Amino acid sequence: MDLKKNSVAAAIALATLYAGTAYAEGVVNIYTYRQPALIQPVLDAFTAETGIKTEVLFLDKGLEERVQSEGTNSPVDVIMTVDISRLTKAKEAGITQPLNDEIINANIPAEYRDPDGNWFGLTSRARVIYASKERVKDTAITYAELADPKWKGKICMRSGQHDYNLGLFSAAIAHWGPEKTEEWMKGLKANLGRKPDGGDRPQAGAIFAGECDIALGYTYYVGLMMTNDKEPQEKEWGNAINVIFPTFENGKTHVNVSGAALAKNAPNRDNAVKLLQFLASDEAQKLYAEKNFEYPVERGLEPSDVVKSFGTLNADTLPLADIAKFRKQASEMVDRVGLDDGPSS
């Protein structure tokens, strides 16, 4: 998919639209890093329930800078994105505002909310191990064991500098401290079967092709692969792997979130708050999670049958805001270790 082309097209269309409707009643304007198809079902449900229309601008980069440049004239009401790093980046960029809402706070556990109320998680995904059904007999592997020499030459992963892996490495620092994490990362590098490259789904493809036996990836990609009728090859990749939920010493698995925030200068603030309350509701969380093969963040809500088939997730309860504090340290560690240089460097 040409994300850049989609972004430009959406921007042109929305620029025309905003000329007449940015401050109209009965609308809420959304800027998102999530592809529109992934969020449209829940937005349609919101409109059906409230009568409030939604207008979406998809961006593949530069969301924070765009809102900053628009200043007080920005039409954006709600920001939707993925990954704790992007949520905290939005807060640090000064483009969000605190929202202390009883409905949201009651539905979303504290570990998935900004302590100052600037963002909250909607759904979560676990950073797990994709394991070859043919070649891996292990049913349990800890994060620490990824540095075990038994896996030498058998691990694939995307860039260590990608937000998804930096989230895991930040969690490792939070659990283990920097010294232990760096030694572990050196062991992980030594076990790589090739130089880190591609996204999460191609790691499953590499396992299918026999290039490695295990890989790091998010759970929701497995669901997307297993149900991808348009790309039969991805179905093969998804069906070639088992999902193993690695754990830290507390017996829990690292998770990250998709989330939302109230824009600093939201011109349709009341409508924006209604949307955020809806996104935090049981109905929206279940719908959003089911369509995207993620987990609702509210305790007691069940994921889809496809996601249940992966096994039982025991999600880490370490606050995401605490994990995000170590992102810069994790990024510097990746460079210092030379993780992205591959195993032979």
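The predicted model contains one disulfide by the distance rule applied to cysteine sulfur atoms. That bond joins cysteine 156 and cysteine 212. Further points concern helix H8, which packs against helix H9 with the axes within 9 Å and against helix H10 with the axes within 8 Å. Two residues other than glycine with positive phi, aspartate 83 and phenylalanine 293, are also covered, as is the buried residue leucine 166.

**Disulfide**

- The sulfur atoms of cysteine 156 and cysteine 212 are 2.2 Å apart, and the cut-off for a disulfide is 2.5 Å.
- The S-S torsion of this pair is about -120°, so the disulfide is left-handed.
- Cysteine 156 belongs to strand S5 (residues 155-156), while cysteine 212 sits in the loop between H8 and strand S6 (214-218), so the bond ties together parts of the chain 56 residues apart in sequence.
- Both cysteine 156 and cysteine 212 are buried.

**Helix H8 against helix H9**

- Two packed helices are described by the distance between their axes and the angle between them.
- For H8 (residues 200-208) and H9 (residues 219-226), the axes come within 9 Å and the crossing angle is roughly 65°.
- This angle makes H8 roughly perpendicular to H9, and the range for that class is 65 to 115 degrees.
- The crossing of H8 past H9 is right-handed.
- On the H8 side the contact is made by Asp200, Arg201 and Ala204, and on the H9 side by Tyr221, Leu224 and Met225.
- Sorted by class, this contact of H8 with H9 has four nonpolar residues, two charged residues and no polar ones.

**Helix H8 against helix H10**

- The axes of H8 and H10 (residues 232-239) come within 8 Å and cross at roughly 75°.
- H8 and H10 are therefore roughly perpendicular to each other.
- H8 contributes Arg201, Pro202, Ala204, Gly205 and Phe208 to the contact, and H10 contributes Glu234, Glu236 and Trp237.
- By class, the contact of H8 with H10 has four nonpolar, one polar and three charged residues.

- Aspartate 83 has a phi near 85°, a positive value in a residue other than glycine.
- Aspartate 83 lies in the loop between strand S3 (78-82) and helix H4 (84-92).
- The relative accessible area of aspartate 83 is 2%, and the residue is buried.
- Phenylalanine 293 has a phi near 60°, which is likewise positive in a residue other than glycine.
- The loop that holds phenylalanine 293 runs between helix H12 (282-292) and strand S9 (295-296).
- Phenylalanine 293 is buried, at a relative accessible area of 10%.

- Leucine 166 is part of helix H6 (residues 163-176).
- Its relative accessible area is 1%, so leucine 166 counts as buried, the cut-off being under 20%.
- Leucine 166 and serine 331 are 165 residues apart along the chain, and their C-alpha atoms are separated by 6.6 Å.
- Leaving out residues up to four places away in sequence, leucine 166 touches Gly160, Gln161, Arg327, Ala330, Ser331 and Val334.

Terms used
Residues numbered from 1 in each chain as written. Predicted model: local features only at pLDDT ≥ 70, side-chain atom pairs only at ≥ 80, totals over all residues. Heavy atoms only, no water. Axes fitted to C-alpha atoms, helices over the stretch in contact; angles between N-to-C directions. Helix = DSSP H or I, 4+ residues; strand = E, 2+ residues; numbered from the N terminus. Parallel < 35°, antiparallel > 145°, perpendicular 65-115°, else oblique. Left-handed = near helix turned anticlockwise from the far one by under 90°. Contact = heavy atoms within 4.5 Å. Nonpolar A, V, L, I, M, F, W, Y, C, P; charged D, E, K, R; others polar. Buried < 20%, exposed > 50% of the residue type's maximum accessible area, 1.4 Å probe, protein only.
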